[in-house]
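Let's walk through this structure together, one part at a time. Keep the sequence and the 3D view side by side as you read.

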Amino acid sequence: MADAASQLILHHYPNSPFAEKARLMLGHKGVAWRSVIIPRVMPKPDLMPLTGGYRKTPVMQIGADIFCDSACIARELDRRFPSPPLFTSGGRGRLAIMGAWADSKLFLEVVGVVFGTNADTVPEDLKIDRHRFSDGLIDLDRFKADQAYLRSQVRSHLFWIEHALDDGRMFIDGDRATYVDFCVYGPLWMLRNRAADLAMFVDMPRTLAWMDRLASRGHGTPEDLSSADALLIARDTEPAEITLAHAEEVAGTGHGRRVTVSADDYGKDPVTGYLVAVDAQRIVIRRSDPVAGAVNVHFPRAGFRLVPA
Ligand SMILES: N[C@@H](CCC(=O)N[C@@H](CS)C(=O)NCC(=O)O)C(=O)O
């Protein structure tokens, strides 16, 4: 097995659709990785020293480099393991655009259907946590009252997927699985598993076969790791050198200045550190933590706000 500094570690929990997207992308790459199961609600005491406040799921760790958000994880996987690609040459922009639609619009509609349908049985701590986490966007009572609309939206979007597969292609962008397949799969996996009685997939044989095809690729080779050991790996490793193809200057946030990064949709907990690098796709900040030591925390640029601290 590779040395600790180069091992992939995924911080995740079984039920998370974005974690399933990441697990399947690891399977696509056919790599070995270490699995750290994190709590699904706050507090997440062993994750915070790594991310500095970002609490969403999943997070990938490679030594002392921490990758927040599944889009950032995908780019890093392609950089380290180019074959088979997630972003195919010529498809990069198209796949990112379709992926962003699935990660935001489709995901939140499916959350509305799944949580609204199960509103009466969702544990109270999860209800409260998600309401707070999303500034009221994830509101189970509202979802429950709005089921007819939410289901109609999901059905309508499911047919977009069915039609995308109309010509008998194996995957959404052609005959090879790409980034967008994993983005769309996450919410549909949640819907199929957690709202099975709703018959949302009626008349969608191609979509169901596509889901089975993707699932059969598996999750690569995970091996359990404790969160305490993941922290030790970060502490005992130096963050990797970074070179960016299109480095940028952002007003008031020069290299080495203190900055704050936060998601712009929900789970907006700010992360503060020193700016290491920024380009059109990536923000990297350096933090120093009493437990994890020096870490570089990576975010996508799209969907994140970067401001002087
Ligand atoms: N844009 C993020 C979204 C991640 C996300 O929303 N994850 C959900 C779980 S599927 C989450 O963080 N829920 C709250 C939590 O796990 O604490 C990504 O692509 O990774």
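Look for the ligand: 15 residues surround it, and the closest are K44, R55, T57, S70 and Y266. Here a residue counts as near a molecule if one of its heavy atoms lies within 4 Å of it. This is a predicted model, where local features need pLDDT of at least 70, side-chain atom pairs count only at pLDDT 80 or more, and totals for chains, interfaces and linings use all residues. Residues are numbered from 1 along each chain as its sequence is written, and side-chain values use heavy atoms, with hydrogens and water left out.

Which side chains bring a polar atom to an oxygen atom of the ligand? For K44, an N or O atom in the side chain is 2.6 Å from a ligand oxygen. The side chain of Y266 has an N or O atom 2.7 Å from an oxygen atom of the ligand, and for a polar side-chain atom of Y13 the distance to a ligand oxygen is 3.0 Å.

Now step back to the whole chain. The protein chain is divided into domain 1 (4–84 + 221–308) and domain 2 (92–215), with bounds that come from an automatic or database domain assignment. Their C-alpha centres lie 24 Å apart.

How do the two domains meet? In domain 1, 23 residues are in contact with 24 residues of domain 2; contact means heavy atoms within 4.5 Å. The size of an interface is often given as the accessible area lost when the parts come together. Domain 1 and domain 2 bury about 2000 Å² between them, 65% of it on carbon and sulfur atoms. Buried area is the accessible area (1.4 Å probe) that two parts lose on being put together, summed over both.

Charged pairs also span this interface: the rule finds three salt bridges across it. A salt bridge is a side-chain nitrogen of Lys or Arg within 4 Å of a carboxyl oxygen of Asp or Glu. K268 forms a salt bridge with D135, and their closest N and O atoms are 3.9 Å apart. On the domain 1 side that touches domain 2, helix 1 (17–29) and helix 3 (70–80) each supply at least two residues. Helix 1 gives the most, with eight residues. Helices (H or I, at least four residues) and strands (E, at least two) are DSSP runs, numbered from the N terminus.

By the salt-bridge rule, the count comes to 18.

Finally, turn to the backbone. Most residues other than glycine have a negative phi, and most peptide bonds are trans. A cis peptide bond joins M42 and P43, with omega about 5°, and P43 lies in the loop between strand 2 and helix 2 (48–51). Another cis peptide bond joins T57 and P58, again with omega about 5°; P58 lies in the loop between helix 2 and strand 3 (59–62). A199, a residue other than glycine, has a positive phi near 55°. You will find A199 in the loop between helix 8 (179–194) and helix 9 (205–215).

Notes
A polar contact is a pair of N or O atoms within 3.5 Å; within protein, one must be able to donate a hydrogen and the other to accept it, and residues adjacent in sequence count only if both atoms are side-chain atoms.
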